[in-house]
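Subject: Structure handover

Hello,

Here is the structure for you to look at. My notes on what turned up follow below it.

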Amino acid sequence: MGVSLDYLMSEDDSLEVVDIDMLNRMKEIQRLSEDDKTTVVKIIDAFIRDTKTKKAYA
């Protein structure tokens, strides 16, 4: 479709990907099987949720 992940995920049009290592990881994740991608997304979502929870109760 020609749409980048940062475009889809951003609420701010000025988002710029600065972490090249993270961008390269995202490219590699896109090459995984659907099952593996689902697993990776679940793990990332869990870390994000846990971080937000820690900040909320800090």
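**A salt bridge within one helix**

E34 and K37 lie three residues apart in helix α3, which means about one helical turn separates them. Their side chains meet in a salt bridge, 2.9 Å from N to O. E34 counts as exposed, at 55% relative accessibility. K37 is partly exposed, with a relative accessible area of 22%. That figure sits just above the buried class, because buried means under 20%. Beyond its neighbours within four places in sequence, K37 is in contact with I29, Q30 and L32.

**What you are looking at**

Please keep in mind that this is a predicted model. The protein has 58 residues. Its secondary structure comes to three helices and zero strands. From the N terminus on, the order is α-α-α.

The accessible surface comes to about 5700 Å². Carbon and sulfur atoms account for 57% of that surface.

The mean pLDDT of the protein is 83. Of its residues, 69% reach 70 or more. Which element has the highest mean pLDDT, and which the lowest? Helix α3, residues 34-56, has the highest, at 95. Helix α1, residues 5-9, has the lowest, at 64. Where pLDDT is low, the predicted coordinates should not be read in detail. The E34 and K37 pair described above belongs to helix α3, the element with the highest mean pLDDT.

**The other salt bridges**

How many salt bridges does a search of the whole structure find? The search gives three. Side chains of opposite charge can pair when their charged atoms come close.

- E28 and R31: their side chains meet in a salt bridge, at 2.6 Å from N to O. E28 is partly exposed, with a relative accessible area of 47%. R31 counts as exposed, at 59%.
- D50 and R49: these two form a salt bridge, with the closest N and O atoms 3.1 Å apart. D50 counts as partly exposed, at 34% relative accessibility.

**Where to look first**

If you open the model for a minute, start with K37. This residue is found in helix α3. Then go to E28 and R31, and finish with R49 and D50.

Best wishes

How values were computed: Residues are numbered from 1 along each chain as its sequence is written. This is a predicted model: local features need pLDDT of at least 70, side-chain atom pairs count only at pLDDT 80 or more; totals for chains, interfaces and linings use all residues. Side-chain values use heavy atoms; hydrogens and water are left out. Helices (H or I, at least four residues) and strands (E, at least two) are DSSP runs, numbered from the N terminus. Buried means under 20% relative accessible area, exposed over 50%, partly exposed in between (1.4 Å probe, protein chains only). Accessible areas come from the Shrake-Rupley method with a 1.4 Å probe; for residues, only the protein chains shown count as cover. pLDDT is the predictor's confidence in each residue, from 0 to 100. A salt bridge is a side-chain nitrogen of Lys or Arg within 4 Å of a carboxyl oxygen of Asp or Glu. Contact means heavy atoms within 4.5 Å.
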